[in-house]
Amino acid sequence: MTIDIDFFLNTVADNIRDKKVPVVDLIAVQTKDPFKVLVATILSARTKDEVTAKASARLFKKASDPDSLALLSIEELEKLIYPVGFYKTKAKHLSKLTECLKQLGGVVPEAIDELLKLPGVGRKTANLVVSVAFAKPAICVDTHVHRIMNIWKFVTTDTPLKTEMALRKNLAEKHWITVNSILVAFGQSLCRPVSPHCDICPLLTKCPQKNVKPRKKPGSKMSTSNGLSFISWNVNGIRAVEKKGFIDMLLDFDADVIGLQETKAQPDQLSEPLKNIPGYTSYWHSAERKGYSGVAFYTRLKPLKVHYGLGEPEFDCEGRVITIEFDSFYLLNIYFPNAGNKLKRLDYKLRFNDTLLAYAKDLEKQKAVILCGDFNVAHKEIDLKNPKNNVKNAGFTPEERSWMDSFIEAGFVDTFRIFNQQPEQYSWWSYRFNARAKNIGWRIDYFCINGEAKDQVLDASILKDTVGSDHCPVKLNYLP
Ligand code: SF4
């Protein structure tokens with residue numbers, strides 16, 4: 001099916017008319033200043049618009065041009081722009097930016113190639129600055145543009161760069177400047193990365209919906225006949241991810257049970273909205289040490305029982321395991337220890353792993369056992385980008401991988417590999433070196449199941465487009 005792209009983009013533009021204008025476009029309209037657009041665009045990467053808007057306003061009060069920006073130290077910059085994502089790196093880039101602009105006569109360049117030479121400016125930023133600040137034809141390809149253009153089958157590409165090149169060839173120039181802002185707004189509101197709202201989308205009858213799993217229509221009765229959906233996500237701090245829109249994300253998952261790891265919060269540190277997400281009951285197992293480890297479940301199915309920990313104080317004080325029991329299965333949510341710097345905690349981790357395995361084998365005698373969580377190990381070479389360089393590093397040592405072998409030999413199945421044998425399927429990326437954008441990652445988050453119940457697994461996947469943590473969520477569909 002070939003879509004009528006004019007119709008699609010015009011329909012989307014109408015649909016998002018009442019949505020918020022992206023912050024960078026707003027700054028361009030309000031200031032007509034390429035310097036401010038450039039700085040705001042740098043700040044906006046991996047940051048919510050509201051946070052970018054506030055940080056930009058604070059920064060522009062002190063530094064409204066390259067000269068005044070040059071007077072600020074890196075520490076001052078960090079303070080002014082906090083809490084934008086990667087604020088330390090961005091502060092360094094801003095500090096260097098003034099030097100580079102000085103060499104260009106204090107003027108922001110209009111050409112993409114010139115912009116790409118500036119610190120902190122990648123292709124997306126450069127295209128955005130050219131299109132928004134200078135109103136020149138350039139196509140900024142945000143992850144939403146890349147995703148939606150593929151859903152529509154207008155392009156068939158596997159990276160944003162290839163999407164940009166394909167759009168340069170096939171998209172009429174009249175759409176170049178606007179396509180990013182309207183598809184970002186559309187991708188944030190209706191055509192969301194997880195469970196898009198197809199039931200109310202004006203494009204539903206014409207959309208190819210490639211690889212799309214729409215949300216269940218609100219109000220439709222939950223039924224287990226199509227299986228239950230479970231999500232597991234290491235959020236790397238529930239309070240941090242709450243600021244990035246966690247509650248909306250959780251509702252968008254539209255899952256029956258969501259297991260979280262590394263919540264890093266005691267129950268009394270949770271906000272009221274986090275404790276009362278409509279339709280869900282939550283259970284928390286926190287570490288005694290504040291701001292460390294911790295696991296939690298949100299469930300809309302009522303469990304028969306909830307069990308906290310493994311019954312071993314040396315592990316349970318770190319809040320690493322919760323089990324919820326249903327009629328026909330147990331669901332375990334686990335945050336495996338990290339072997340640590342110089343493998344200082346490797347022994348502790350291996351003891352934890354063995355205790356966990358014995359516990360799961362014991363439960364298996366009664367009913368099916370599903371284990372989800374951050375296993376903190378990439379099992380095989382295919383499960384990380386650079387296996388050779390990491391054999392001595394936590395998460396890929398022979399000892400940890402050999403335990404994973406014994407876990408599989410004990411009858412548990414890595415559900416993701418039932419469906420997907422492809423390389424470069426990762427669930428964790430370092431915050432450093434732009435690793436996520438380059439897909440230099442590891443697959444260390446799993447849904448595993450005891451072998452006898454394996455045929456009840458309908459699907460297992462990685463939700464790589466969900467951001468907010470250095471891990472992305474993984475998903476399981478299961479027929480009880
Ligand atoms: S029908 Fe669904 S997948 Fe297609 S554009 Fe609309 S929300 Fe996106």
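Axes are lines fitted to C-alpha atoms, for helices over the stretch in contact, and angles run from 0 to 180 degrees between N-to-C directions. Helices (H or I, at least four residues) and strands (E, at least two) are DSSP runs, numbered from the N terminus.

The exercises use a predicted model, in which local features need pLDDT of at least 70 and side-chain atom pairs count only at pLDDT 80 or more, while totals for chains, interfaces and linings use all residues. Residue numbers start from 1 along each chain as its sequence is written.

**Exercise 1. Describe the packing of H2 and H3.**

Step 1. Two packed helices are described by the angle between their axes and the distance between the axes. For H2 (residues 23–31) and H3 (residues 34–44) the angle is about 165° and the axes are 9 Å apart.

Step 2. H2 is therefore roughly antiparallel to H3. The classes are: under 35 degrees roughly parallel, over 145 roughly antiparallel, 65 to 115 roughly perpendicular, the rest oblique.

Step 3. The crossing of H2 and H3 is right-handed. A crossing is left-handed if the near helix is turned anticlockwise from the far one by less than a right angle, and right-handed if clockwise.

Step 4. Contact requires C-beta atoms, placed from the backbone, within 7 Å. On the H2 side the residues are Val 23, Val 24, Ile 27, Ala 28 and Thr 31, and they meet Lys 36, Val 37, Ala 40, Thr 41 and Ser 44 of H3. This contact has six nonpolar, three polar and one charged residues. Ala, Val, Leu, Ile, Met, Phe, Trp, Tyr, Cys and Pro count as nonpolar, Asp, Glu, Lys and Arg as charged, and the others, Gly among them, as polar.

**Exercise 2. Classify the pair H1 and H12.**

Step 1. H1 (residues 5–15) and H12 (residues 176–189) pack at about 60°, with axes 9 Å apart. H1 is therefore oblique to H12.

Step 2. Their crossing is left-handed.

Step 3. Leu 9, Val 12, Ala 13 and Asn 15 in H1 face Val 179, Ile 182, Leu 183 and Phe 186 in H12 across the contact. Seven of these residues are nonpolar, one is polar and none is charged.

**Exercise 3. Which residues lie closest to the ligand?**

Step 1. A residue is near a molecule or strand if its C-beta atom, placed from the backbone, lies within 6 Å of it. The ligand is surrounded by 13 residues, the closest being Cys 191, Pro 196, Cys 198, Cys 201 and Cys 207.

Step 2. By class, the shell has 11 nonpolar, two polar and no charged residues.

**Exercise 4. Locate two backbone exceptions.**

Step 1. Most residues other than glycine have a negative phi, and most peptide bonds are trans.

Step 2. The bond from Tyr 82 to Pro 83 is cis, with omega near 10°. Pro 83 sits in the loop between H6 (74–81) and H7.

Step 3. Lys 342, which is not glycine, has a positive phi, near 55°. Lys 342 belongs to the loop between E7 (329–335) and H17 (346–364).

Notes. Contact = placed C-beta atoms within 7 Å.
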